Amino acid sequence: MIRVVLPVHLRTLARVNGEVMVEVDGDATQRAVLDALEAKYPVLRGTIRDHGGGKRRPFVRFFACGQDLSHEPPDSRLPEAVRNAQEPFLVVGAIAGG
Amino acid sequence: MSKVRVLVGTRKGAFVLTSDGKRDKWEVSGPHFAGWEMYHLKGSPVDPNRIYASQTSGWFGQVMQRSNDGGKTWETVGNKFAYDGVPGTHQWYDGTPHPWEFKRVWHLEPSLTDAETVYAGVEDAALFVSRDGGQNWEELAGLRGHGSGPQWQPGAGGMCLHTIILDPKNRERMYIAISAAGAFRTDDGGSNWKPINRGLTSQYIPDPDAEVGHCVHHVAMHPARPDVLFMQKHWDVMRSDDAGDSWHEVSGNLPTDFGFVIDVHAHEPETIYVVPIKSDSEHFPPDGKLRVYRSRTGGNEWEALTKGLPQSDCYVNVLRDAMAVDSLDKCGIYFGTTGGQVYASADAGETWAPIVRDLPAVLSVEVQTLP
């Protein structure tokens, strides 16, 4: 299981509180986690990644273990601490505007 | 006794304002979708409890909502807006070709005959339709494909399709307007379109009389006379008596003919309303006085309506989709401001009072008259 922390607006949209847990088959990559997240909460489709190419939306960031993973290739494995659920995978609304 | 429900979209959520037919005491519900930009909410004329809403965010993109109980509860529906085929290009601000990219839904227009059918005007400008209550959307691609699409260029607010008008007497006819391309009409249900901008003159484009390129801000129609259209353009208030085939100016004695909103009295097809704004570089009322102007002659002769509106130090704007009318007798007129006020007049504009004063900036106002 992978722990995922969503920003407040997406928690409201998905009607969840706190962290969510998603099951990932095979390697826990960024793409696999987001696929599992969208499968479990279809209302999140298009809000984190584009519908078409699955590209990360510009003002959404992915953090974990104190690192910014936003620019990592989507098929690279997430840090071990995320894969074994010691640390969450954070979906973050970037600081933008005032 | 009749009731009125006002649907207000703001920069930070949606609000539903309700009153009985007297329209002097209001209940305020909201914010719904707090923190999101609510560009537009509109109810179905077939089933008034079916309301569609466009929820957007610079962070999280487009979300679509619908309600089956008049805005008390909501459910998320489809948000996939894919342009038909290869999207192609339009002009960018610098004149270079720029790929069509979906950004947001500006306007929703529910069908006059089927509560499950709703049209969506989007940025970058295109028209979509859903026939299953908002779950799935398909583009009516004939609009972008009729030939002038590559010449369209965004206005300062983006290249948005912001106005959709359905002809109640001819189900095959529909009007739309785009900033900054102009107005268009279909006579075959959306397959084929033609620009309807003859008579518009815009000094801010290279050819002031061009077929496309005009910054139309809003168009209004009275349902009893669907061939008569009124337009608030970037500058100029215009009128067409032939379904948009030709236009003539009716700005008359307005203090300025710049503005965004325009609407028609529910029972008097020659009575129209605008809110003059000083200029395209100063988006506030002239002299700090918020004045609605009414013409009872279909344009040219205008009177200022000021009673109950601030007449000093007022520097708000009224955006293009932020005026609406109810169909009670007397006709109610409503508009929202970028300062967060929603003003209502229960006597066709003679007197005004704020329903609410301190909402986030108002993007849109729609009104439902309920039994």
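**First stop: a sheet in chain B**

Select strands β22, β23, β24 and β25 of chain B, which form an open sheet of four strands in the order β22-β23-β24-β25 with antiparallel pairing. Strands here are DSSP runs of E with at least two residues, helices are runs of H or I with at least four residues, and both are numbered from the N terminus. Two strands pair if DSSP finds at least two bridges between them. The edges of this sheet are β22 (258–264) and β25 (303–305) of chain B; each has a single partner strand, so one side of each is left without a neighbour in the sheet. On average, and with direction ignored, neighbouring strands of this sheet are turned by 30° against each other (axes are lines fitted to C-alpha atoms, for helices over the stretch in contact, and angles run from 0 to 180 degrees between N-to-C directions).

Next, select residues 272–277 and 292–295 of chain B: these are β23 and β24, antiparallel strands joined by three bridges. Within this pair, B:Tyr273 has B:Arg294 in β24(B) as its bridge partner.

**Before going further: numbering and confidence**

Residues are numbered from 1 along each chain as its sequence is written, while chains are lettered from A and ligands numbered from 1 in the order in which they are written. This is a predicted model, in which local features need pLDDT of at least 70 and side-chain atom pairs count only at pLDDT 80 or more, whereas totals for chains, interfaces and linings use all residues. The mean pLDDT of chain B is 96, and 100% of its residues reach 70 or more; pLDDT is the predictor's confidence in each residue, from 0 to 100. For the complex, the predictor gives an ipTM of 0.94 and a pTM of 0.97.

**Second stop: chain B as a whole**

Along the principal axes, the C-alpha atoms of chain B fill a box of roughly 50 × 45 × 40 Å.

Of the 371 residues of chain B, 53% count as buried. A residue is buried if 20 or more other C-beta atoms lie within 10 Å of its own, exposed if 12 or fewer, and partly exposed in between, with C-beta atoms placed from the backbone.

Select β18 to β21 of chain B, an open sheet of four strands with the order β18-β19-β20-β21 and antiparallel pairing. Here β18 (216–221) and β21 (248–249) of chain B stand at the edges with a single partner strand each, so one side of each has no neighbour in the sheet. Five bridges join β18(B) to the antiparallel strand β19 (residues 229–233) of chain B. In β19(B), B:Lys233 is the bridge partner of B:Val216.

**Fourth stop: the nonpolar cores**

A nonpolar core is a set of buried Ala, Val, Leu, Ile, Met, Phe, Trp, Tyr and Cys residues joined through C-beta atoms within 7 Å. The largest such core has 105 residues, and those touching the most other members include B:Val6, B:Ile176 and B:Val365. Now centre the view on B:Val365: leaving aside neighbours within four places in sequence, its contacts include B:Val8, B:Met323, B:Tyr334 and B:Val342 (two residues are in contact if their C-beta atoms, placed from the backbone, lie within 7 Å). A second, separate core of 25 residues includes A:Val4, A:Leu13, A:Val33 and A:Phe89.

Is B:Leu127 buried or exposed? With 25 C-beta neighbours inside 10 Å, B:Leu127 counts as buried. This residue is found in strand β12 (residues 126–130) of chain B.

**Last stop: strand β1 of chain A**

Select residues 2–5 of chain A: strand β1 has a covered face, A:Ile2 and A:Val4, and an uncovered one, A:Arg3 and A:Val5. In a regular strand the side chains alternate between the two faces of the sheet. Three bridges join β1(A) to the antiparallel strand β2 (residues 20–22) of chain A, and A:Val22 in β2(A) is the bridge partner of A:Ile2. With strand β5 (residues 89–93) of chain A, β1(A) pairs in the parallel sense over two bridges.
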